[in-house]
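Have the sequence and the 3D view open side by side while reading. The paragraphs below go through one part after another.

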Amino acid sequence: MIRLEGISREFRTGQHVVYALRDLTLHIPPGQFVVLMGPSGSGKSTLLNIIGCLDRPTDGRYTLDGRDVTGLPDKSLVEMRRNKLGFIFQTFHLVPRLNASRNVELPLVFAGVDAGDRRSRAQRSLESVGLAERVTHRPDELSGGERQRVAIARALVMDPPVLLADEPTGNLDSASGAEIVKLLVELNRKGRTIVMVTHNEALSKLGHRLIRLRDGAIEQDLST
Amino acid sequence: MSPRDLLSISMGALAAHRVRTRFTVAAVSIGVASVLLLISLGHSAQEYVLNQFAGVGSNLMFVVPGKVETTGGPPMASGTTRDVTLEDAEALLRQLPRVHRMAPIAVGVTMASYEGRSRSITVIGSTSEFVPLRNLKVAAGSNLPEMDAARAMRVCLIGVKIQLELFGERSPLGEFVKIGDEKYRVIGLIAPEGESMGVNIDELVLAPVASVLKMVNRRGLFRVMLQVGSHEEVREVRREVIRLLKERHDEEDFTIITQQAVMDSLGSILGMLTLAVSAIAAISLAVAGIGIMNVMLISVAERTAEIGLMKAIGASNRQVLAVFLAEAATLALLGGLVGAGVGIVGAKTVELLVPALPMSTPLWAIESALAVAISIGIGFGVLPALKAARLTPLEALRGRV
């Protein structure tokens with residue numbers, strides 16, 4: 001599903017060149033749940049951004065779902081993000097002025113799905129994360145856990161094969177965090193490939209595989 | 001993304017910042033309203049002045065002795081030119097089939113008196129055609145008799161003010177009034193008309209042209225008034241008149257003034273004036289545009305994370321651009337609509353305060369004011385929107401709120 005070969009990513013800030021990723025090679029087969037850990041600055045966010053087609057590697061090749069995306073124009077990267085990838089963020093990134101349903105509908109709006117269809121697909125997606133009753137609530141009327149579930153519903157609404165989660169429990173209390181984790185495991189069981197970045201050691205054994213990064217390279221790659 | 005989605009996204013974003021949105025809308029509406037108000041004012045002034053001329057019809061032309069190079073003004077008096085005579089005038093009517101009506105005009109200024117009362121008057125010498133050609137009405141009695149224009153009959157029609165001053169409450173019909181050295185019988189009363197084209201009809205005395213020519217001891221007419229079928233024919237008939245008179249005079253020692261030319265040049269002067277004043281008002285629209293740009297830049301800065309999110313969930317650069325342009329355009333359109341309302345109400349208020357100036361806001365002005373407002377919104381929205389569209393998703397998401 002995800003095939004990274006010799007990926008490097010460098011950032012230039014004035015005179016300095018910082019290597020966020022160095023010659024990294026990683027294959028993730030379909031249906032795998034990968035937990036990505038490492039100290040800050042180890043390159044895990046950069047890796048997630050590259051996998052998510054939000055950033056381009058300076059060097060190396062990246063194939064997603066059988067398609068080489070390395071040299072694709074921005075427009076095609078948009079297509080990949082639209083159809084292959086769902087994002088979940090630590091801070092949810094919900095649009096505060098839109099209710100739950102409208103937030104979930106956003107990807108469908110950009111994909112050009114017509115309004116009637118959008119409503120029912122958003123409804124189904126919210127039901128699948130257990131928020132059928134909260135459709136018309138706005139983010140500030142929802143708890144943290146509920147907000148993250150709205151975000152997950154949004155990530156699922158285009159039915160992408162890959163889910164990318166950046167510290168999905170980082171802003172939640174342990175009870176809500178546990179619910180979100182349960183939800184992710186369930187989604188993986190139904191066949192979705194998941195890459196989750198976390199600092200939380202308690203979650204390290206959650207997936208099939210634990211990858212620890214240090215200084216832009218893989219330090220440890222464990223089956224769990 | 002459908003236009004409806006765009007509109008709903010931008011309205012949502014604007015509603016989230018009511019105060020800011022209101023101020024920007026107010027700025028745009030002030031600009032639009034002032035442009036509209038000034039256009040209305042100019043337009044009404046134009047209409048008012050042109051109406052003064054419209055009473056005389058656009059299918060009229062005047063032959064004036066003497067030659068001037070420019071159109072639009074009466075020719076300067078020139079001693080060497082030949083007179084335009086009654087014979088010339090009659091030849092025009094007889095030989096040019098497209099000249100439907102003709103009234104020769106002679107003018108004299110003299111004294112009129114009746115039973116010891118007297119005053120100075122302007123007497124116009126013409127034929128019975130003068131009354132219909134100038135859109136006048138005979139209020140009592142009759143028009144000048146239809147007769148050979150060369151006949152110097154001593155009859156006259158008088159304006160209401162002359163009647164009042166010379167006859168008081170008495171009916172002047174059938175009475176003899178002394179005009180110059182001769183006595184004229186009053187046969188009709190001209191209906192009140194007031195000032196028209198610089199002549200106060202109410203103070204006029206109208207007599208047969210031959211009588212007035214004799215009175216002033218001249219052969220030459222003051223001018224000849226011609227009416228053609230419709231104003232489309234004016235241009236061609238003008239050429240025919242020139243040809244015929246040149247034949248009779250051997251040279252072009254006369255000038256033809258068409259009503260159309262006068263109206264055109266007057267209209268274009270007023271139009272320019274309106275345009276200039278509106279352009280000054282348009283500066284306030286430009287200021288409003290800068291306001292829009294400012295608000296949109298703030299909006300982009302505040303919503304960096306949202307822009308990143310849009311891109312992460314599948315918005316293309318073009319869609320992000322469209323979202324922010326739509327927001328700027330919506331802001332401007334709201335301002336435009338409010339401004340149009342204020343402008344129209346303002347014009348009506350002016351009309352109430354100054355009844356002599358009937359204000360009308362032309363539809364094209366409203367349409368173009370709205371179009372200009374939207375283009376200003378889009379024009380000044382481009383910079384912030386491009387800024388948003390060019391954010392890489394990564395940078396955008398890092399600007400976490």
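Chain B has a secondary structure of 12 helices and 12 strands. The model shown here is a predicted one. Of the 401 residues in chain B, 41% are buried. Among contacts with a separation of 6 or more, 81% are between residues 24 or more positions apart.

Chain B also touches chain A. Here, 21 residues of chain A are in contact with 17 residues of chain B. On the chain A side, the elements that give two or more residues are helix 2 (74-84) and helix 3 (100-110). Helix 2 of chain A gives the most, with 5 residues. Sorted by class, this side of chain A has 10 nonpolar, 4 polar and 7 charged residues.

Now turn to the sheet in chain A. It is an open sheet of 4 strands in the order 2-1-4-5, with antiparallel pairing. Strand 2 (16-28) and strand 5 (67-68) of chain A are the edge strands, each pairing on one side only. Strand 5 of chain A runs antiparallel to strand 4 (residues 59-64) of chain A, and 2 bridges join them. In one of these pairings, A:Leu64 has A:Arg67 in strand 5 of chain A as its bridge partner. Helix 1 (residues 44-51) of chain A packs on the sheet, where it touches strand 1 (2-13), strand 2 and strand 4 of chain A. The direction of helix 1 makes about 120° with that of strand 1 of chain A.

Another element to look at is helix 4 (residues 115-128) of chain A. This helix has 14 residues and reaches 20 Å from its first C-alpha to its last, close to the 20 Å expected at 1.5 Å a residue. Which residues of helix 4 of chain A are buried? They are A:Arg118, A:Ala122, A:Ser125 and A:Leu126. Seen down the axis of helix 4 of chain A, these buried residues fall within an arc of 95°, so they line one face of the helix. That set of buried residues packs against helix 3 and helix 5 (144-156) of chain A. On the other side of helix 4 of chain A, the residues A:Gly116, A:Asp117 and A:Ser120 are exposed. After helix 4 of chain A comes A:Gly130, which has a positive phi, near 80°.

Terms used: Residues numbered from 1 in each chain as written. Chains lettered and ligands numbered in written order. Predicted model: local features only at pLDDT ≥ 70, side-chain atom pairs only at ≥ 80, totals over all residues. Contact = placed C-beta atoms within 7 Å. Nonpolar A, V, L, I, M, F, W, Y, C, P; charged D, E, K, R; others polar. Buried ≥ 20, exposed ≤ 12 C-beta atoms within 10 Å, placed from the backbone. Expected span 1.5 Å × (residues − 1). Arc of directions from axis to C-beta. Pairing = 2+ DSSP bridges. Axes fitted to C-alpha atoms, helices over the stretch in contact; angles between N-to-C directions.
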